[in-house]
Amino acid sequence: MKDNSGPQQPKHAYGGLLTELPEDYLASVEDYHRLAYAVVGEARRVATGRFGLRSLAEGFGTPIFDVPMGRAGEMECRVWIAGDELHAEEGGVPRSIHITTLAAAAAFVGVAPGTEAREHDSPELGDAERWLRVSPEVGAHLVSWFRLGNDVLEQLRALPGAVDADEVQLWPGHLDIATAIGDAEGGTRATFGLSPGDAAHRYPYAYVGPWGEVDGADPYWNDAAFGGASLPYSEILGTANPADAAFEFLFAGYDSING
């Protein structure tokens, strides 16, 4: 997916999505991944013990969380990423900085770069003083991708037969937005999500990860990297409505497991 004219954007409800991803796209995603688990998720974890993130109107980051203030009680805070900027709001007072290094970002939100939220597929923390490979275009793309994911996953959770549907969360250790639906004991539970790309998938994709056995002869279950199904970015973006394409793919997996 190369275009020498630079990043381009499609015309639909998720306008930040890039029609052509830059050569260094995955390297940039890895640095946003580091920022998500080491700084943004860490800010919430230090205060609450929890590190799940959300797709937000302004970007992606923490929900509102309370920080103990001693005798003064608690102060509502939140931290989020938008483009190539890191934002924080404490007690209703907003501030922001341009993203430079993990060390600077962590100092901005008052934590040390952490690894508690890191997962097996997270990039190594690395040098906290290294300049991060972020850009307004890739940052806006991630915001739109996670927003699309949130919309279709909420639609999936709202299905009348959706059993034990988890809250939609953006997991900083995986840097994907996901939910789990179904009966684990009955063999119908699966994780449904959208990833911006990873070591096994160079570009964004939607996926279904069954918790139990599925029919390997069914061509729907096409992803050997994790034993599930995936729909590549090109097949999502190459439609008039990317949200419909992603939802139809996820629903097909849901229907197959629950059929």
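Predicted model: local features only at pLDDT ≥ 70, side-chain atom pairs only at ≥ 80, totals over all residues.
A search of the whole structure finds nine aromatic pairs. In one of these, the ring centres of Tyr-205 and Tyr-207 lie 6.0 Å apart with their planes at 50 degrees, so the pair counts as tilted, since edge-to-face would require an angle over 60 degrees and stacked one under 30. Tyr-205 is buried, its relative accessible area being 7%, and Tyr-207, with a relative accessibility of 9%, is buried as well. Tyr-220 and Trp-221 also form an aromatic pair, with 4.8 Å from centre to centre and 90 degrees between the planes, and this pair is edge-to-face; both Tyr-220 and Trp-221 are buried.

Arg-95 lies over the face of Phe-108, at 4.2 Å from the ring centre, while Arg-189 lies over the face of Trp-211, at 5.0 Å from the ring centre.

Two packed helices are described by the angle between their axes and the distance between those axes. For helix H3 (residues 136-157) and helix H5 (residues 242-258), the axes come within 9 Å and cross at roughly 40 degrees, and H3 and H5 are therefore oblique to each other; their crossing is right-handed. On the H3 side the contact is made by Leu-148, Val-152, Leu-153, Gln-155 and Leu-156, and on the H5 side by Pro-242, Ala-243, Ala-246, Phe-247, Leu-250, Phe-251 and Tyr-254. Phe-247, Phe-251 and Tyr-254, which take part in this contact, form one aromatic cluster together with Phe-192.

How values were computed. Residues numbered from 1 in each chain as written. Heavy atoms only, no water. Phe/Tyr/Trp six-rings, centres within 6.5 Å; stacked < 30°, edge-to-face > 60°. Buried < 20%, exposed > 50% of the residue type's maximum accessible area, 1.4 Å probe, protein only. Lys NZ or Arg CZ within 6 Å of the ring centre and 35° of its normal. Axes fitted to C-alpha atoms, helices over the stretch in contact; angles between N-to-C directions. Helix = DSSP H or I, 4+ residues; strand = E, 2+ residues; numbered from the N terminus. Parallel < 35°, antiparallel > 145°, perpendicular 65-115°, else oblique. Left-handed = near helix turned anticlockwise from the far one by under 90°. Contact = heavy atoms within 4.5 Å.
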